[in-house]
Amino acid sequence: MDSFFFNIQMKNLTISEKLYINVKTQFLENNVLVQEARKTNVLVAVSGGADSMILLHLVNRLANELEFNVFAITINHNIREEKESLADVLLVKDFCNKLK
């Protein structure tokens, strides 16, 4: 695909879609990752912060397309106040329940 044509198409996409296309392209360029991921399980460590939640969302989208299973893990280290730590755990749990 011509890069100029690709850039024109990318202008009409949301930031989320652009990010997904970039992650998917990089993932597909790594044949070892693709071969290992297909028909298997991928574990994503999720803290509840924005970066790990986005990572989980993107990996889940890839899993739906490339047919692999995604599991999320979050660990409460009890370093912060109990309410704050529990809120992160519940946020991750609720987010996972909403994913397809």
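Predicted model: local features only at pLDDT ≥ 70, side-chain atom pairs only at ≥ 80, totals over all residues.
Most residues other than glycine have a negative phi. With a relative accessibility of 48%, E67 is classed as partly exposed. A positive phi, of about 55 degrees, is also found at N78, likewise not a glycine. N78 belongs to the loop between strand 2 and helix 5 (82-98). Its relative accessibility is 57%, and N78 is therefore counted as exposed.

Helix 4 (residues 50-66) packs against helix 2 (residues 15-29) at an angle of about 60 degrees, the two axes being 10 Å apart. Helix 2 is therefore oblique to helix 4. The crossing of these two helices is right-handed. On the side of helix 2, the contact is formed by S16, E17, L19, Y20, V23, K24, F27 and L28, which meet I54, H57, L58, R61, L62, E65 and L66 of helix 4. By class, the residues of this contact comprise 9 nonpolar, 2 polar and 4 charged.

Confidence was examined along the protein chain. The mean pLDDT is 82, and 82% of the residues reach 70 or more. Among the elements of the chain, strand 2 (residues 69-73) has the highest mean pLDDT, 93, whereas helix 1 (residues 3-11) has the lowest, 53. The pLDDT is below 50 over residues 1-6, a stretch that has 3 contacts in the model beyond near neighbours in sequence.

Definitions and conventions:
Residues numbered from 1 in each chain as written. Heavy atoms only, no water. Axes fitted to C-alpha atoms, helices over the stretch in contact; angles between N-to-C directions. Helix = DSSP H or I, 4+ residues; strand = E, 2+ residues; numbered from the N terminus. Parallel < 35°, antiparallel > 145°, perpendicular 65-115°, else oblique. Left-handed = near helix turned anticlockwise from the far one by under 90°. Contact = heavy atoms within 4.5 Å. Nonpolar A, V, L, I, M, F, W, Y, C, P; charged D, E, K, R; others polar. pLDDT = per-residue confidence, 0-100. Buried < 20%, exposed > 50% of the residue type's maximum accessible area, 1.4 Å probe, protein only.
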